[in-house]
Amino acid sequence: MRYINTLREGETIRNIYLCKGKRTAETRNGKPYDNLLLQDKTGILDGKVWDPNSSGIADYGEMDFIEVFGDVISYNNNLQLNIRQIRRAEEGDYLPADYMPTSEKSTEGMYQELLGYIRQIENTYLRQAVEYYFVKNEEFIRIFKGHSAAKSVHHGFAGGLLEHTLSVVKFCEYMVGAYPILNRDLLYAGALCHDIGKTKELSAFPENDYTDDGQLLGHIIIGVEMISQAVRSIPGFPDRLASELKHCVIAHHGELEYGSPKKPALAEALALNFADSTDAKMQTLTEIFKDKPGNDWLGYQRLFESNLRKTVI
């Protein structure tokens, strides 16, 4: 098995990858070619089939495991595979675990740490709302532990949702200690619940793609509906507190153009937005810099609207 993060420019390889995406396009001269996204547990590689009608290119589709033969080149400072042959792989030719990108951290260790923050919530209503999913719902716990936080960009791997949520809670822990105006219980509950809707917005691996509800509603609306379900199960849950918790989730993207139906109107909602955005961007940088040798400039990065390079550590 040649993992994607071990490939180097100039190599010719034959290996099996998951065809995560396939799109037909045309060159400037009108010649058809295929754009592929090849995936294993270490990352995603762009692939090009410049002659899709060649006898060496067997029938295949998205989400097929395919054996590819081709040349590794560098294009716009990123590796690309120019593919000459494709064979659809059969069961037994590959190990599915090799194709699921997975958190490098202990899932169980992270989850136990998350439970520790839940135990710190003193408000009985907020703690019960969080426990409704994170302690009492075994199916939710199973899905949450193995889920990604995104289709791409940041934490797009199994365990990514858990890793991201824990990081956001830790950022909130710092802010609670630094700024006494913040309601710790509300902020912790909002941080723990801010992305629970992603368990229904995105499908499981290997697809890790948007579900119908993900396309139609999005994880913020789904998450608020899930919180409402938890709140309804708790007798006497204060209406005002329920609205404050929902607002933190609704506003955690910070801006209307970023998908939040409302801008932050509470200090806790603003703090949650900062924590979520900071972790997402720093993880994105981590994934951009990963496996990039040296400290050369990487070229323009759309998310950051800047050319980037890493420093020597």
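## Phe 65 and its surroundings

In this predicted model, Phe 65 touches Ile 16, Tyr 17, Leu 18, Arg 87, Arg 88, Ala 89, Tyr 94 and Tyr 99, when residues up to four places away in sequence are not counted. Phe 65 itself belongs to strand E4, and at a relative accessibility of 14% the residue counts as buried, because buried means under 20%.

## Two ring partners for Phe 65

A pair of aromatic rings is described by the distance of the centres and the angle of the planes. A search of the whole structure finds 12 aromatic pairs. One of them is formed by Phe 65 and Tyr 94, which are stacked, with 4.0 Å from centre to centre and 20 degrees between the planes. This pair links distant parts of the chain, since Phe 65 is in strand E4 (residues 65-75) while Tyr 94 is in the loop between E5 and helix H1 (107-119), 29 residues apart. The C-alpha atoms of Phe 65 and Tyr 94 are separated by 8.3 Å, and Tyr 94 is buried as well, with a relative accessible area of 17%.

How are the rings of Phe 65 and Tyr 99 arranged? Their centres lie 5.0 Å apart and their planes stand at 75 degrees, so this pair is edge-to-face. Because Phe 65 lies in strand E4 and Tyr 99 in the loop between E5 and H1, the pair ties together parts of the chain that are 34 residues apart in sequence. Both Phe 65 and Tyr 99 are buried.

Strand E4, which holds Phe 65, is part of a barrel into which five strands close, in the order E1-E2-E3-E5-E4 and with mixed pairing. Neighbouring strands of this sheet are turned against each other by 50 degrees on average, with direction ignored. Strands of a sheet pair through backbone hydrogen bonds, either parallel or antiparallel.

Strand E2 (residues 32-40) pairs with E3 in the antiparallel sense over seven bridges, with Leu 38 standing opposite Leu 45 in E3, and a hairpin of two residues joins E2 to E3. In what sense do strands E3 and E5 pair, parallel or antiparallel? Strand E3 (residues 43-49) and strand E5 (residues 78-88) pair in the parallel sense, over three bridges. In this pairing Gly 47 has Leu 81 in E5 as its bridge partner, and the partner of Lys 48 in E5 is Asn 82.

In soluble globular proteins, nonpolar side chains tend to be buried together. The largest nonpolar core of this model has 51 residues, and those with the most contacts inside this core are Leu 114 and Phe 134. Several helices each supply at least two residues, including H1, H2 (124-134), H3 (138-146), H4 (160-178) and H10 (267-289). The largest share, eight residues, comes from H4.

Which residues are in contact with Phe 134, leaving aside its neighbours within four places in sequence? They are Tyr 111, Leu 114, Leu 115, Ile 118, Phe 140, Ile 141, Phe 144, Leu 192, Cys 193 and Ile 196.

Lys 22 lies over the face of Tyr 60, at 4.0 Å from the ring centre, and the charged end of Arg 309 sits over the ring of Trp 297, 5.2 Å from its centre.

Note on methods: Residues are numbered from 1 along each chain as its sequence is written. This is a predicted model: local features need pLDDT of at least 70, side-chain atom pairs count only at pLDDT 80 or more; totals for chains, interfaces and linings use all residues. Side-chain values use heavy atoms; hydrogens and water are left out. Two strands pair if DSSP finds at least two bridges between them. Helices (H or I, at least four residues) and strands (E, at least two) are DSSP runs, numbered from the N terminus. Axes are lines fitted to C-alpha atoms, for helices over the stretch in contact, and angles run from 0 to 180 degrees between N-to-C directions. Rings of Phe, Tyr and Trp (its six-membered ring) pair if their centres lie within 6.5 Å; planes under 30 degrees apart count as stacked, over 60 as edge-to-face and the rest as tilted. Buried means under 20% relative accessible area, exposed over 50%, partly exposed in between (1.4 Å probe, protein chains only). A charge sits over a ring if NZ of Lys or CZ of Arg is within 6 Å of the ring centre and within 35 degrees of the ring normal. A nonpolar core is a set of buried Ala, Val, Leu, Ile, Met, Phe, Trp, Tyr and Cys residues joined through side-chain atoms within 4.5 Å. Contact means heavy atoms within 4.5 Å.
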